[in-house]
Amino acid sequence: MMDEIVQSEGIWAIRIKANEIRRIKNAQPDRMLPVPSELLRLNFVDYVQRLKDFGHTALFPELFSPYLRKNDPGDRFYKDFVPVARRCMPNELWARPIHALRHGLVDTLKQAGVSEGVIEDISGRLGKTETASRYTNPAGLSLLQMI
């Protein structure tokens, strides 16, 4: 949603939270992630502002259809994305493309030496230790932006 693109600590971020079109499993997935530098380079912030100027509330309004009673943008995304992913990456892992992307991201971060705690913060998972789940805050935007 448009209100989930925010600037915090001078960094453009996406606030992932429950909203009218998305639910989250528990409190941990409610988090802030920096907008990737490549999206900023491609003028993502201008895109967001132009949509706001046109009165849109959804970040990707084309995922909604005025002709459907049930408007789930995830269904629309899957309908278009999954066949492409299966054609481009034909092995068993890609039988579940979104899971494979998540798995690939986590593995890439681990191989780059990113700490398990930061990977859990990015993934929206609770830490496995008391220190991770009770005594520390999620990684800040400035740290996540460096990854």
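This is a predicted model: local features need pLDDT of at least 70, side-chain atom pairs count only at pLDDT 80 or more; totals for chains, interfaces and linings use all residues.
Close-up 1. Glutamate 38 counts as partly exposed, with a relative accessibility of 41%. Both residues belong to helix α1 (residues 37–41). They sit three residues apart, about one turn of the helix.

**Close-up 2. The salt bridge between lysine 17 and aspartate 3.** The structure holds two salt bridges, and one of them joins lysine 17 to aspartate 3. Here the closest N and O atoms are 3.8 Å apart. The pair links distant parts of the chain, 14 residues apart. Lysine 17 lies in the loop between β2 (11–16) and β3 (31–34). Aspartate 3 lies in the segment before β1 (5–8). Lysine 17 has a relative accessible area of 17%, so it is buried, the cut-off being under 20%.

**Close-up 3. An aromatic cluster.** Phe44, Tyr47 and Phe60 make up one aromatic cluster. The count of aromatic pairs comes to two, with ring centres within 6.5 Å taken as the rule.

**Close-up 4. Confidence along the chain.** The protein has a mean pLDDT of 82. Of its residues, 85% reach 70 or more. Which elements of the protein have the highest and the lowest mean pLDDT? Helix α2 (residues 44–53) has the highest, at 96. Helix α6 (residues 130–135) has the lowest, at 68.

Notes:
Residues are numbered from 1 along each chain as its sequence is written. Side-chain values use heavy atoms; hydrogens and water are left out. Rings of Phe, Tyr and Trp (its six-membered ring) pair if their centres lie within 6.5 Å; planes under 30 degrees apart count as stacked, over 60 as edge-to-face and the rest as tilted. pLDDT is the predictor's confidence in each residue, from 0 to 100. Helices (H or I, at least four residues) and strands (E, at least two) are DSSP runs, numbered from the N terminus. A salt bridge is a side-chain nitrogen of Lys or Arg within 4 Å of a carboxyl oxygen of Asp or Glu. Buried means under 20% relative accessible area, exposed over 50%, partly exposed in between (1.4 Å probe, protein chains only).
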